[in-house]
Amino acid sequence: MDVGALDADDYESVHRASRSLTALYGTLTLNAALEAWEAWVQDAEDGFDPELVWEYEDELRCRRWLAAAWPVLTERVRAARQAELDALDARYRLATVPLPGQPDDARWHSRRPRQ
């Protein structure tokens, strides 16, 4: 798909996702969620401080938001941002290990930072 310029429907899908997820995740935008996920991935790569383990689940909030928002976004928006999300997810997989009992390819919610 040729992504090209986004149109009003594309932007409305981003706003719709943000509005529909506010009650569960607070106010986030697509850009803010991707930036927060990138920051969290960087933290995981740098080494997670085990004293902050209580924050771990909350830090994954941005990735849960992205998972919930993705189906609401238009195909054009997803196509424009998919490579970025895939690259961040790949970096996260390299910086983490699966939780006990999870397969090696476990998704972001079933992994923990390497220590």
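From the N terminus on, the elements of the protein chain follow the order α-α-α-α-α-β-β. That gives five helices and two strands, where helices (H or I, at least four residues) and strands (E, at least two) are DSSP runs, numbered from the N terminus. What you see is a predicted model, in which local features need pLDDT of at least 70 and side-chain atom pairs count only at pLDDT 80 or more, while totals for chains, interfaces and linings use all residues. Residues are numbered from 1 along each chain as its sequence is written, and side-chain values use heavy atoms, leaving out hydrogens and water.

Let's take the whole chain to begin with. Its C-alpha atoms fill a box of roughly 45 × 30 × 25 Å along the principal axes. Of the 115 residues, 35% are buried; here buried means under 20% relative accessible area, exposed over 50%, and partly exposed in between (1.4 Å probe, protein chains only). The chain exposes about 6,800 Å², and carbon and sulfur atoms supply 53% of that; accessible areas come from the Shrake-Rupley method with a 1.4 Å probe, and for residues only the protein chains shown count as cover.

Now to the way the helices meet. Start with helix α2 (residues 30–46) and helix α4 (residues 61–69), which pack at an angle of about 135 degrees with their axes 8 Å apart. Axes are lines fitted to C-alpha atoms, for helices over the stretch in contact, and angles run from 0 to 180 degrees between N-to-C directions. The angle makes α2 oblique to α4, because angles under 35 degrees count as roughly parallel, over 145 as roughly antiparallel, 65 to 115 as roughly perpendicular and the rest as oblique. Their crossing is left-handed, a word used if the near helix is turned anticlockwise from the far one by less than a right angle, with right-handed for clockwise. On the α2 side the contact (heavy atoms within 4.5 Å) is made by L30, A33, L34, A36 and W37, and on the α4 side by C62, R63, W65 and L66. By class, this contact has eight nonpolar, no polar and one charged residues; Ala, Val, Leu, Ile, Met, Phe, Trp, Tyr, Cys and Pro count as nonpolar, Asp, Glu, Lys and Arg as charged, and the others, Gly among them, as polar.

Helix α4 also meets α1: their axes come within 10 Å and cross at roughly 140 degrees, so α1 is oblique to α4. This crossing is right-handed. A17, S18, L21 and Y25 of α1 make the contact with R61, R64, W65, A68 and A69 of α4, a set with six nonpolar, one polar and two charged residues.

Go back to α2 and look at its partner α5. The two axes come within 8 Å and cross at roughly 20 degrees, which means that α2 is roughly parallel to α5. The residues in this contact divide into 11 nonpolar, two polar and six charged.

Finally, compare two arginines. R19 sits in helix α1 (residues 8–25), and R81 in helix α5 (residues 75–95). R19 counts as exposed because its relative accessibility is 52%, whereas R81, at 19%, counts as buried. Leaving aside residues up to four places away in sequence, R81 touches L30, N31, L34 and W70.
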